[in-house]
Amino acid sequence: MNLLAFSDASSFETETPDIDDVRGVTEDVWASLLGEEEILLPRAVPPGTPFDKDDVWSSAVTISGAWQGAVTLEVDADAARQLTSQMLGIPNPEDAEESDVADAVGELVNMIGGNVKGMMPGPSTLSLPAVAAGRAAFSNDMHEACRLDVSWRGAPVRVCVHVPVASDD
Amino acid sequence: MRALIIDDSRAMRSILRKIVTQLGFETDEAGDGQEALDKMRAGLVPDLCLVDWNMPVMDGYTFITSVRDNPEWRDVTLMMVTTESEQRQIVRALAAGAHEYVIKPFTPEAIVQKLELLGLKAKFVTPDGAIA
């Protein structure tokens, strides 16, 4: 699992992006990387529900500066192989290597995170993507501020924006 | 015409390669700015570099400043293709010598339009700007 933490969670704005903006960005990224015909469908998932797949790929970028946060992407593993084959032009999804999948889900979160960064107060910098076969985990100084649950080709996809927990100081 | 695609994501390089290949470019690739500079120092002189910003080892901004510091490469056209959308960063990249700036996500038509603005006329573009 990836453990993401901020070294200083005490002095920054806690403004959060609008869910509709995150949805719009995610749809644009999906269309750009996978094709206009690749539709993301909304999923109704109650708050607090864990991602409903065990076999999953996750990726994350952090944003540091005037605004701080992290953007994560979780994708069902079979769907991750499918999107990898499409992005890299690999005819059979089963032939996608783990490094290929890591590259593809990393670029997806890089583009979504970069655009989330653009919505928030700057200046700030975007990290390189961190990718894992499995779920991402966060230290307890962060909380989920915005969550988008969609499905692609029938498989669940989740995009979350995490922000540091406000300090009581 | 030859394009050098510089991005740490193989998926993104694959997508850009498809676009510029359809436009008649031959392509080379590098996973970061340092690898691209090494290829150019070894003799590769592209007409166009498509450059990501956020990469390991050497980022796209540093690559652009390095290219612009070398008079032998003054004719190389530099286009940033990146998620970096802060105005100050766009201005910084253009001031450092980038000719154009494309923010991800993009459409193939956006790349074509920018290349036409730069005088790198595409070979296989329909009159309405779509890639044939």
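Helices here are DSSP runs of H or I with at least four residues, numbered from the N terminus. The views below show a predicted model.

**Figure 1. Val67(B) is placed in helix H3 of chain B.** Val67(B) is buried, because 23 other C-beta atoms lie within 10 Å and a residue counts as buried at 20 or more. Leaving aside residues up to four places away in sequence, Val67(B) touches Trp73(B), Val76(B), Leu78(B) and Gly97(B). Leu78(B), one of these partners, is 11 residues from Val67(B) along the chain, and the C-alpha atoms of the two are separated by 9.1 Å. Helix H3 of chain B comprises residues 60–68 and lies across strand S1 (2–6), S3 and S4 of chain B. The helix runs at about 175° to S4(B).

**Figure 2. Five strands of chain B form an open sheet.** The order of the strands is S2-S1-S3-S4-S5, and their pairing is parallel. Strand S2 (26–30) and strand S5 (100–103) of chain B stand at the edges; each has a single partner strand, so one side of each is left without a neighbour in the sheet. On average, and with direction ignored, neighbouring strands of this sheet are turned by 20° against each other.

**Figure 3. Strands S3 and S4 of chain B pair in the parallel sense.** S3(B) covers residues 48–51 and S4(B) residues 77–82, and four bridges join the two. Leu50(B) stands opposite Met79(B) in S4(B). Val51(B), in turn, has Met80(B) of S4(B) opposite. S4(B) is mostly covered, with five of its six residues buried. Helix H3 of chain B is among the elements to be seen here, as it lies across S4(B).

**Figure 4. Chain A holds three helices and nine strands.** Along the sequence, the elements of chain A follow the pattern β-α-β-β-β-α-α-β-β-β-β-β. Chain A has 169 residues, of which 40% count as buried. Among the contacts in chain A with a separation of 6 or more, 69% are accounted for by residues 24 or more positions apart.

**Figure 5. Helices H1 and H3 of chain A pack at an angle of about 140°.** The axes of H1(A) and H3(A) are 10 Å apart. The angle makes H1(A) oblique to H3(A). H1(A) passes H3(A) in a right-handed crossing. On the side of H1(A), the contact is made by Asp21(A), Val22(A), Val25(A), Thr26(A), Val29(A) and Leu33(A). H3(A) contributes Leu108(A), Met111(A), Ile112(A), Asn115(A), Val116(A) and Met119(A). By class, the residues of this contact of H1(A) with H3(A) are nine nonpolar, two polar and one charged.

**Figure 6. Helices H2 and H3 of chain A cross at roughly 85°.** The axes of H2(A) and H3(A) come within 9 Å. From H2(A), the residues Ala80(A), Arg81(A), Leu83(A), Thr84(A), Met87(A) and Leu88(A) meet Asp100(A), Val101(A), Ala104(A) and Val105(A) in H3(A). The contact of H2(A) with H3(A) has seven nonpolar, one polar and two charged residues.

**Figure 7. Strand S8 of chain A pairs in the antiparallel sense with strand S9 of chain A and runs antiparallel to strand S2 of chain A.** S8(A) spans residues 142–152, and S9(A) spans residues 155–164. The pairing of S8(A) with S9(A) extends over 10 bridges, and His143(A) stands opposite Val163(A) in S9(A). The hairpin of S8(A) and S9(A) has two residues between the strands, and in this hairpin Arg153(A) takes a positive phi near 50°. Two bridges join S8(A) to S2(A), which consists of residues 41–42. Pro42(A) stands opposite Val150(A) in S8(A).

**Figure 8. Chain A and chain B are in contact with each other.** The contact involves 20 residues of chain A and 17 residues of chain B. Helix H1 (19–34), helix H2 (77–88) and helix H3 (98–119) of chain A each supply at least two residues of the side of chain A that touches chain B. H3(A) gives the most to this side, with nine residues. The residues on the side of chain A that touches chain B divide into nine nonpolar, eight polar and three charged.

Notes:
Residues are numbered from 1 along each chain as its sequence is written. Chains are lettered from A and ligands numbered from 1 in the order in which they are written. This is a predicted model: local features need pLDDT of at least 70, side-chain atom pairs count only at pLDDT 80 or more; totals for chains, interfaces and linings use all residues. Two residues are in contact if their C-beta atoms, placed from the backbone, lie within 7 Å. Ala, Val, Leu, Ile, Met, Phe, Trp, Tyr, Cys and Pro count as nonpolar, Asp, Glu, Lys and Arg as charged, and the others, Gly among them, as polar. Axes are lines fitted to C-alpha atoms, for helices over the stretch in contact, and angles run from 0 to 180 degrees between N-to-C directions. Angles under 35 degrees count as roughly parallel, over 145 as roughly antiparallel, 65 to 115 as roughly perpendicular and the rest as oblique. A crossing is left-handed if the near helix is turned anticlockwise from the far one by less than a right angle, and right-handed if clockwise. Two strands pair if DSSP finds at least two bridges between them. A residue is buried if 20 or more other C-beta atoms lie within 10 Å of its own, exposed if 12 or fewer, and partly exposed in between; C-beta atoms are placed from the backbone.
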